[in-house]
Structures are given as C-alpha cells and as structure tokens.
Amino acid sequence: MRPCVLFCLCCALAACGGGAEDTSANGAAPIPMPGANSTLPAAPVPAPVVASTPPTAVVPAPVTMSTGIDASCGLNGAGGIQAEVLQRVNAFRAVGAVCGSTIYAAAAPLNWNSLLLQAASDHSTDMAQHDYFSHDSLDGKTFAERLTDVGYSYTAAGENIAANDPTVESVLTHWLYSPAHCANMMNATYRDIGVACVRSDTATYSRYWTMDLGRP
C-alpha cells in the first residue's frame, strides 16, 4: 500500500502589456492530513515564475492514455468534481480567508473554464503517465505555456498541484492550509478555474491533481 504523501507546489504570474509580476509566493511546505502518523517531507521551492507576455499558442499533441491511467480519478470524471470544486472554492472566497499571516477579503466567485480544465487534465495525465511531479512538464514547458497551448489567453494565471489526495475535500483542505496555495485560491484577480485529477496504478503516487486559475 502506498503511503499517503502530499507534495504541494504553486506558481502564479501576471502578464499584461509589456510588464509582469509575481502574484503569490512560490513554493510551500506540505500540510499533513488530520490524524496522519507520518511526517511529510518539505517540498522543494521553485524559482519565481515571471512572464512578460503569454507565449505564442501552438496546437498540443494528443495525449495517449496508457494502461493503469484513469482520467476519472475514481471521482466520476471532470464533470463529477466540477460542482464540488466550485462549491467549496467559492465558499472560501465568499467569506475570505487567512492564508498564513495574510488576510484575504471576500472575493468574487470563480467560473468553471473548459480551457483551464483541458490544461489541468493534460498536465495531471502527463504526470501520471510519465511518473513525475512538477509544475514544469518533462518537455520543459511551464504551466503558463500549457495554458497558452490550449488557447487560454490570460492577463494573470496561477497553478496548484498535489499528489495522492483521494477526494476533492482533502486536496482543497491541504491547499487551504498552505499559505501560498491558499493565496492562489483567494486571489481576487482570478475569474476562472479548472481542476483535474488523474489516477495511476503504476506511477509513484496514486492520484495527480492540477488546479489552474486565470483571468482572461
């Protein structure tokens, strides 16, 4: 049986005209599940992500599923988690939150976006299929480039990833109690969201989660 281990990283960027700035801290320590018996290792801290303008869009290659990969994650597919993700994340945003030492006021609800869902699904599938865990794809693409690849033109964007969480509730709880991931979810700049989970019976982790957020 695989140990229940969560590694979380987050990235955020803003791009508008000729300038850009980081919109949240990059990297966060994992938060143990309530009642967990083991100590989770600290996640590596990636370099800040900065982009001046979104890269030129290209047509992504089709994703080939391999044996042992389940794009539904055992949660009835993307459609099955859409309502729960929106309800839970928008409930956080409706009342505000304290992310680490930063207080975030209430923010407008997010809208489910099919392009962000595609980018999230592609990345979770790629991680599960090729057994790695990183914001950067094995071909070197950043999450910002993946958003542009699927046709999402952004002025601001962010990404959270996680591994092994079995439910929407557990992954959102981990992200909520990690300051940088919480800040991504509470960022009032963002308007759209897409979240995907892909299960693997052959990779290091049982499930790979990707949350992409953005503002067109």
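How many of the residues of strand E7 (residues 156-163) are buried? Eight of its eight residues are buried, and the strand is mostly covered. Here, buried stands for under 20% relative accessible area, exposed for over 50%, and partly exposed for anything in between, with a 1.4 Å probe and protein chains only.

## About the model

This is a predicted model, in which local features need pLDDT of at least 70, side-chain atom pairs count only at pLDDT 80 or more, and totals for chains, interfaces and linings use all residues. Residues are numbered from 1 along each chain as its sequence is written, and side-chain values use heavy atoms, leaving out hydrogens and water.

Let's look at E7 from both sides. One face carries Ala156, Gly158, Asn160 and Ala162, the other Ala157, Glu159, Ile161 and Ala163, and all of them are buried. The labels for helices (H or I, at least four residues) and strands (E, at least two) refer to DSSP runs, numbered from the N terminus.

E7 runs antiparallel to strand E9 (residues 207-215), and eight bridges join the two. Strands pair if DSSP finds at least two bridges between them. Within E9, Met211 is the bridge partner of Asn160.

Side chains of opposite charge can pair when their charged atoms come close. The whole structure holds four salt bridges, each defined as a side-chain nitrogen of Lys or Arg within 4 Å of a carboxyl oxygen of Asp or Glu.

Asp149 forms a salt bridge with Lys141, and their closest N and O atoms lie 2.6 Å apart. Asp149 is buried, at a relative accessible area of 11%, whereas Lys141 counts as partly exposed because its relative accessibility is 26%.

## A link between H1 and H4

Arg88 and Glu169 also meet through their side chains in a salt bridge, at 3.9 Å from N to O. Here too the pair links distant parts of the chain: Arg88 belongs to helix H1 (residues 77-95) and Glu169 to helix H4 (residues 168-176), 81 residues apart. Arg88 is partly exposed at 25% relative accessibility, and Glu169 is partly exposed at 44%.
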